[in-house]
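Student: Pick one chain of this model and take me through it closely, please. Give the cut-offs as you go.

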Amino acid sequence: MQHGKYRFIVGFLAAPLGLYALFVVWPFIQSIYYSFTDWTGLSPEFKMVGFDNYERMLDDDIFWKSLQHSLFFALLLPLVTIGFALFLAFMINVGGRRRKGGPAITGVRGSSFYKIVYFFPQVLSIAIVALLFAFAYNPDSGAINSILRGIGLDSVQPLWLGDPNLALWAVMAVIVWSTVGFFVVLFSAGMASIPADLYEAALLDGAGRATTFFRITLPLLWDTVQSGWVYMGILALGAESFAVVHIMTTGPGGPDYSTTVMVLYVYQKAFRDGQAAYATTIGVALLIVTLAFAAVVMRLGRRERLEF
Amino acid sequence: MKTTETTAPVPAESGMPVTKIDAPAKGPGREKKEGTALNVFSHGILIVWAFMVVMPLLWAVMTSFKDDASIFGSPWSLPDKLHFSNWSRAWTQANMSDYFLNTLLVVGGSLIGTLVLGSMAAYVLARFDFPGNRFIYFLFIGGMSFPIMLALVPLFYVVNNMGLLNTIHGLILVYIAYSLPFTVFFLTAFFRTLPTSVAEAAFVDGASHSRTFFQIMLPMAKPGLISVGIFNFLGQWNQYMLPTVLNTDPDKKVLTQGLVQLAVSQGYKGDWSGLFAGLVMAMLPVLAAYIVFQRQVVAGLTAGALK
């Protein structure tokens, strides 16, 4: 039987593992190797240059800008998104009116309606969302400035994506808009599984709503919050920020490099400027930032696991 | 929320109060007042956010029926009449039909491939003990936290050397490869929860390993396959970064790229109404499918994070 077992294992693993190794693992290994070469990507020739690319990177102002923006994304976006989502989920699940003789805490009326609506952006492609908001931000004919004019704020007509001081915030707002709903639904599912007697006991002891949130809801939801935090941070460093910045901003990454992020800079160096080796160097920096981010969140967030 | 591994979590029962356990009614009026104030406050906040989510989408639908002059002149006015020609222009002249077809082919092929290959690998990793099992498992899982863009630089040349650049089947293979980490992660956990006795019985009766897998285990794993299938469908349908790098041929573009392309080309032509029609056209089927399969979609998308 042993023989048959191993043949089966090999037969079943060969295709998925082969495909994965060829298209995912091998390119990752290669890119770390390429970061020590002067490969342009345009011709097959290259030679080893040691740490030249890394030295160049440390002197590259645009790299530092992109690093700064990426770190900003990774720190601020999860904080805002998850914080706001927790708040909304708490409102949905315990904000209900107390009915006489009913449970001590109830969800608001229409809670399923809110959850359905909030989830809308999550099923749309981030590319579509980005295009939509690029128009909404248009200073002359966009929906946002038009509202501002409509309520009498004719003097407040920001350039949004055209203003170096505002563009990064405008881009971040779009990512928040499109991801909050996912976390509201995620946290709602978690909150609904918290036994109500815990709330009852706390309320009997005279705890306010805020106290019950910080003393009961948040600790019992901690694992979900933590994995959501890592998930959001990886999105904010990678695919999500690439799509939004690449589609919405001028340049892309502008104006005046005010919105460039690491993942976009890698793309531009490799596929626009023909500097593949240097692109992989920035990619390695992005890898280090991503892994460090995940490690810090897991480390700082480590707590006693609560069973209930 | 227990630490035990469970099957795909089902979203909270909609509209139900958090609990059914009745508390003894408490009298003091102070609490009642606080409850009411909180209720008004939370409804207020929730409605405002619902409004902010829906408005941009409604605005897009409305704009797709307007002519170009009124799109620019008064972004919030209702269309003077329903300009359905925007939609037909987007569908035919602006290549939306091609983009849809390409996306259907790519997503159809990669979804099937992802589920077949992902479940094969996950089954072996979950049920068989062999040297290297943990290593292979973590090799797959590691792919979830690595920045894909780093691999895309060499991958472009790997794909190019194999003659797969700008081809539908090349894109399918890459989509499958990058969907495997989460799929293997999710399905391995799922296969571990399935009872072993049924498979053992089949095996004793003389079924081969692969027959046991295809005829016994896969049907049993259906709920897990549906969850992870929905997750992958949306991820692959909405994928932007992979095709942007690996699929630059205008004729092969998928929906997301096509729309970005449209934003540029229709911008030169000044055909904004056609572009909005294209955007809404891409938006509506996914939103409609979501509303119909709401429970399954939510379960599928939140499945990974709740583990």
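Tutor: pLDDT is the predictor's confidence in each residue, from 0 to 100. The model is predicted, so local features need pLDDT of at least 70 and side-chain atom pairs count only at pLDDT 80 or more, while totals for chains, interfaces and linings use all residues. Residues are numbered from 1 along each chain as its sequence is written, and chains are lettered from A and ligands numbered from 1 in the order in which they are written.

Chain A has a mean pLDDT of 84, and 94% of its residues reach 70 or more.

Now chain B itself. It has 14 helices and zero strands (DSSP runs numbered from the N terminus: helices are H or I, at least four residues; strands are E, at least two). Along the sequence the pattern reads α-α-α-α-α-α-α-α-α-α-α-α-α-α. Of the 307 residues in chain B, 43% are buried (20 or more other C-beta atoms within 10 Å of the residue's own, with C-beta atoms placed from the backbone). Take contacts in chain B between residues at least 6 apart in sequence: 79% of them join residues at least 24 apart (a contact puts two C-beta atoms, placed from the backbone, within 7 Å).

Twelve residues of domain 1 of chain B are in contact with 13 residues of domain 2 of chain B. On the domain 1 side, the elements of chain B giving two or more residues are α1, α2 (68–73) and α3 (85–92). That side has four nonpolar, five polar and three charged residues (nonpolar: Ala, Val, Leu, Ile, Met, Phe, Trp, Tyr, Cys and Pro; charged: Asp, Glu, Lys and Arg; polar: the others, Gly among them).

Next, the interface with chain A. Here 88 residues of chain B are in contact with 101 residues of chain A. Helix α1 (residues 29–63) of chain B gives the largest share of the chain B side, 17 residues. By class, the chain B side has 68 nonpolar, 18 polar and two charged residues.

The largest nonpolar core has 179 residues, and A:A130, A:V266 and B:L279 touch the most other members (a core is a set of buried Ala, Val, Leu, Ile, Met, Phe, Trp, Tyr and Cys residues joined through C-beta atoms within 7 Å). Helix α7 (residues 167–192) of chain A gives the most to this core, with 17 residues. Domain 1 (32–88) and domain 2 (90–302) of chain B both give residues to this core, so it lies between them.

Last, the record. In an unreviewed entry, UniProt lists "transmembrane region" for chain B at spans including 40–62, 171–191 and 272–293; such annotations may be inferred rather than shown by experiment. Residues 171–191 of chain B are 100% helix and 0% strand, with end C-alpha atoms 29 Å apart. Residues 272–293 of chain B are 95% helix and 0% strand, and their end C-alpha atoms lie 32 Å apart.

Notes. A residue is buried if 20 or more other C-beta atoms lie within 10 Å of its own, exposed if 12 or fewer, and partly exposed in between; C-beta atoms are placed from the backbone. Domain bounds come from an automatic or database domain assignment.
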